[in-house]
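Subject: Handover of a structure and the findings from it

Dear colleague,

Please find below the structure that I am passing on to you. The findings follow it, grouped by topic.

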Amino acid sequence: MGNYKDNKMETLADKGNGNYAYIDNLQEANKFLGREFAGNIYTIAKDVKIQIEFNPKFVKSYRLIGYENRKLRNEDFANDKIDAGELGSGHTVTALYEIIHANVNSKFLPKHNKLKYTSNSASKNFGSELGTVKFRYKKPQGSKSSEIVHIIKNSSAQQSGTDFRFASSVAWFGLVLRDSEFITRRDLDAIEKLAKENKGQDKDGYRSGFIEMIRNYKKIKIAKR
């Protein structure tokens, strides 16, 4: 990797409750030092934690895609002594979960032993709740956290938008690069097609840059054959 030590920069940023960026062209400079500068300088919430539960009535199994080095133990969520991430002004966070529906059998289901003393909450009535999202944070100068709870309804009217489908293409490409055991389709043309169809207005050109990254990777793959 030469001098590009992403893991070291991430560690330094974590220890200092800061951010880092790798600037290799004018577009990236404008992105980090222009469009995102205020969000990287002004913290509006610290020790931000997010916890999600899916209703087993509708979801048999689920997993978070990525963020492996950001996971917390269940008991750490409400523990104010546990350090977490900072949220800057104007920042948004996207987390993708892969789910297996309750009525679907899949080879990717985790293997569980049947336990004697535990009960499955699917037997309880939670109505049309698909899941619950809990958001916990401290004010920039505070030491005690506050919690916001949001219920996700299992509505058939919910449709995935352009942003979600584009994010899915990014996650799919990442899983291909990692040679993930959890995917069976590794079709780069299909990933590129999904990204192109959901590029949207793309006024800053970031999504076009991602599509170009896929094309460059395809060229590398062909050159190695």
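In what follows, a residue is called buried when its relative accessible area is under 20%, exposed when that area is over 50%, and partly exposed in between (1.4 Å probe, protein chains only). Helices (H or I, at least four residues) and strands (E, at least two) are DSSP runs, numbered from the N terminus.

The model is a predicted one: local features need pLDDT of at least 70 and side-chain atom pairs count only at pLDDT 80 or more, while totals for chains, interfaces and linings use all residues. Residues are numbered from 1 along each chain as its sequence is written, and side-chain values use heavy atoms, with hydrogens and water left out.

Helix α4

Helix α4 covers residues 162-177. Its 16 residues reach 23 Å from the first C-alpha to the last, close to the 22 Å expected at 1.5 Å a residue; the expected span is 1.5 Å times one less than the number of residues. The buried residues of α4 are Phe 166, Ala 167, Ser 169, Ala 171, Trp 172, Phe 173, Leu 175 and Val 176. These buried residues pack against β2, α5 and α6 (206-224), where a contact means heavy atoms within 4.5 Å.

After α4 comes Asp 179, with a positive phi near 55°. This residue lies in the loop between α4 and α5. Asp 179 counts as exposed because its relative accessible area is 57%.

The chain as a whole

The protein chain contains six helices and six strands. Along the sequence their order is α-α-α-β-β-β-β-β-β-α-α-α. The C-alpha trace spans about 55 × 50 × 35 Å along its principal axes. Of the 225 residues of the protein chain, 26% count as buried. Among contacts with a separation of 6 or more, 69% are between residues 24 or more positions apart.

The accessible surface of the protein chain is about 16500 Å², and 51% of this belongs to carbon and sulfur atoms; the areas come from the Shrake-Rupley method with a 1.4 Å probe, and for residues only the protein chains shown count as cover.

There are 40 positive and 27 negative side chains, and the centres of the two sets lie 5 Å apart. Here Lys and Arg count as positive and Asp and Glu as negative, with His and the chain ends not counted. The place of a charge is taken as NZ of Lys, CZ of Arg, CG of Asp or CD of Glu.

Salt bridges

A salt bridge is a side-chain nitrogen of Lys or Arg within 4 Å of a carboxyl oxygen of Asp or Glu. By this rule there are 18 salt bridges.

One of them joins Glu 53 and Lys 134, at 4.0 Å from N to O. It links distant parts of the chain, with Glu 53 in strand β1 (residues 43-54) and Lys 134 in strand β5 (residues 129-138), 81 residues apart. Glu 53 is partly exposed at 43% relative accessibility, and Lys 134 is also partly exposed, at 23%.

Another joins Glu 147 and Arg 136, with an N to O distance of 2.3 Å. Glu 147 belongs to strand β6 (residues 146-153) and Arg 136 to strand β5, eleven residues apart. Glu 147 is partly exposed at 37%, whereas Arg 136 is buried at 15%.

Within helix α5 (residues 188-197), Glu 197 and Lys 193 are four residues apart, about one turn of the helix. Their closest N and O atoms are 2.5 Å apart, in a salt bridge. Glu 197 is exposed, with 52% relative accessibility. Salt bridges that share partners also join Asp 189, Glu 192, Glu 212, Arg 215 and Lys 218 into one network.

Two loop residues

Asn 55 sits in the loop between β1 and β2 (59-64). Asn 55 counts as buried because its relative accessible area is 6%. Apart from neighbours within four places in sequence, Asn 55 is in contact with Phe 126, Glu 129, Leu 130 and Gly 131.

Tyr 67 lies in the loop between β2 and β3 (85-88). Its phi is near 60°, a positive value in a residue other than glycine. Most residues other than glycine have a negative phi. Tyr 67 is partly exposed, with a relative accessible area of 36%.

Yours sincerely
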